[in-house]
Amino acid sequence: MGEAVVTPLASAFGQNEKRLLQECIHCGFCLPACPTYMENGKEMDSPRGRLYLMASALNGNASMDDAFSEHMKLCLVCRACETACPSGVQFGHLMEITRGAMAETKLPSFFEKYLLSKVLTSHGWLSTLFTLTRVYQKTGLRKLFSTRPFNLLVPQKVRTLQASIPSVPPRRFGTNDDVLYSAVGKKSGTVSLFTGCVMDHLYPHVHAATVRLLTWYNFDVNILAKQTCCGALHAHSGDTQTTDDLAQSNVDLFDNTNSDYIILNSAGCGAHLKSYSKYREAGISGKILDLSEFLARMETKQMSNGRLLKVAYDEPCHLLHGQGVSAEPKSLLSQIPGVELVPLKEADRCCGSAGSYSITETKMSLDLLERKMNAVMETGADILVTANPGCQIQLAWGVRRRGIEMEVLHLAQFLDRVFSNEPGYPTEPIAKAN
């Protein structure tokens, strides 16, 4: 009998992680909830199979080789298995620890070393990247590199992914100074809006819509200039040091603001910020709310009848499974006069975006998107609503690929559009000195 193999997982897993791993009872309830297992039918690409691999590596009965790495990286970390698990196994946490141990065994890729660690954590670098992307989109370069022979100069994966990028706006939402937007009516309180990294640059119009909604509900909205990336993508990739640094920076910043709530309109960021208490006891922990959670707590605003619309809602994984928020966005949509909220089959199944997953695991991402689009087409909806920027990018790409006559909107955009016809609704939020 050979000697047990010593792996980095043995030092990465503490007593808590070992206990969580033992809570799996191998019942298989997670199997039909797992998108990758349902797609390829491989046991090792199911949560149960991945937990078995973790236990084998932890006990020294298996090495963290390329095969081990492939099964772990193919996981979306959508956390649907957590919702399905009767034993309450915290699979997402175990996967992040495992990927952190995996990162110690290899050199970081270009994506991990530069795009994640350098670009995503800097608004300056992000501005440069998106400015170059905008130039590429607005000039003839995009068309040029899509035709022969110039397309041969671009790797196949890049040619595929460039089609997924929405039109880059001319400027980001945030600025180099703190900004406070005034409540429309009698002030009810003050909230801070977490603007994040990519969303701040790629979806500034969603942030603007969110601010208009919040001021319409009579809250001052504080935008802090020094906030940075939440660190969710770094946690998913195993970069624990950057994850901890970003968490500490944001906790220090938001702990020192006098806001009643911290509002997020990105499901992935929200799920990760709500986990900040594991880094240190933070005063912000109980203040973090998704936009839909916050608006659902408010007294319902009266709305005029609009034109009849069929609306489908696709549930972001990290809102549903990561935060347990599902009823609130659907309740908000169903209260709108003229809106028929139509059911979407497998609305709770990942669309394949999963943060940077569409970049690192493009084939599986596209396979999952195709399944999602089959369900979307069955709805006959006029508008597809979601509540996460990554999902919005992925779903809009899927709609374009299929040529479906359907608009893909963030929940904030849709509500903003509905309220825009109401008397007194702000066309532009009013900023005042902060």
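Strand E2 (residues 189-193) and strand E4 (residues 261-264) run parallel and are joined by three bridges; strands here are DSSP runs of type E with at least two residues, and helices are runs of H or I with at least four residues, both numbered from the N terminus. Valine 191 has tyrosine 261 of E4 as its bridge partner. The model is a predicted one, in which local features need pLDDT of at least 70 and side-chain atom pairs count only at pLDDT 80 or more, while totals for chains, interfaces and linings use all residues. Residues are numbered from 1 along each chain as its sequence is written, and side-chain values use heavy atoms, with hydrogens and water left out.

On its way through the sheet, E4 is also joined by three bridges to strand E5 (residues 288-290), again in parallel, and here isoleucine 263 stands opposite leucine 289. These strands belong to an open sheet of six, ordered E5-E4-E2-E3-E1-E10 with mixed pairing (two strands pair if DSSP finds at least two bridges between them). E5 and strand E10 (431-432) form the edges; each has a single partner strand, so one side of each is left without a neighbour in the sheet. The pairing of E10 with strand E1 (residues 179-181) is antiparallel and rests on two bridges, with tyrosine 181 opposite alanine 431. Helix H13 lies across E1, E2, strand E3 (219-223) and E4, and runs at about 150° to E3. Contact means heavy atoms within 4.5 Å, and angles run from 0 to 180 degrees between N-to-C directions, with axes fitted as lines to C-alpha atoms, for helices over the stretch in contact.

A second open sheet is worth a look. Its four strands follow the order E7-E6-E8-E9 with parallel pairing, and the edge strands, E7 (339-342) and E9 (407-410), each pair on one side only. Neighbouring strands of this sheet are turned against each other by 35° on average, direction ignored. Strand E8 (residues 383-386) runs parallel to E9 and is joined to E9 by four bridges; leucine 384 has valine 408 as its bridge partner in E9. Helix H22 (residues 389-402) packs on the sheet, touching E8 and E9, and its direction makes about 175° with that of E9.

Two helix pairs can now be set side by side. Two packed helices are described by the angle between their axes and the distance between the axes. The axes of helix H19 (residues 327-334) and H23 come within 11 Å and cross at roughly 20°, which makes H19 roughly parallel to H23 (under 35 degrees counts as roughly parallel, over 145 as roughly antiparallel, 65 to 115 as roughly perpendicular and the rest as oblique). Pro329, Leu332 and Leu333 of H19 make the contact with Leu411, Phe414 and Leu415 of H23. Helix H4 (residues 47-58) and helix H5 (residues 66-73) pack at about 140°, with their axes 10 Å apart, and are therefore oblique to each other. In this contact, Arg50, Leu53, Met54 and Ala57 of H4 meet Phe68, His71 and Met72 of H5.

Finally, the aromatic pairs number seven. Rings of Phe, Tyr and Trp (its six-membered ring) pair if their centres lie within 6.5 Å, and planes under 30 degrees apart count as stacked, over 60 as edge-to-face and the rest as tilted. Tryptophan 216 and phenylalanine 419 form a tilted pair, 6.3 Å centre to centre with 55° between the planes. Tryptophan 216 lies in H13 (residues 204-216) and phenylalanine 419 in H23 (residues 411-419), so the pair ties together parts that are 203 residues apart in sequence.
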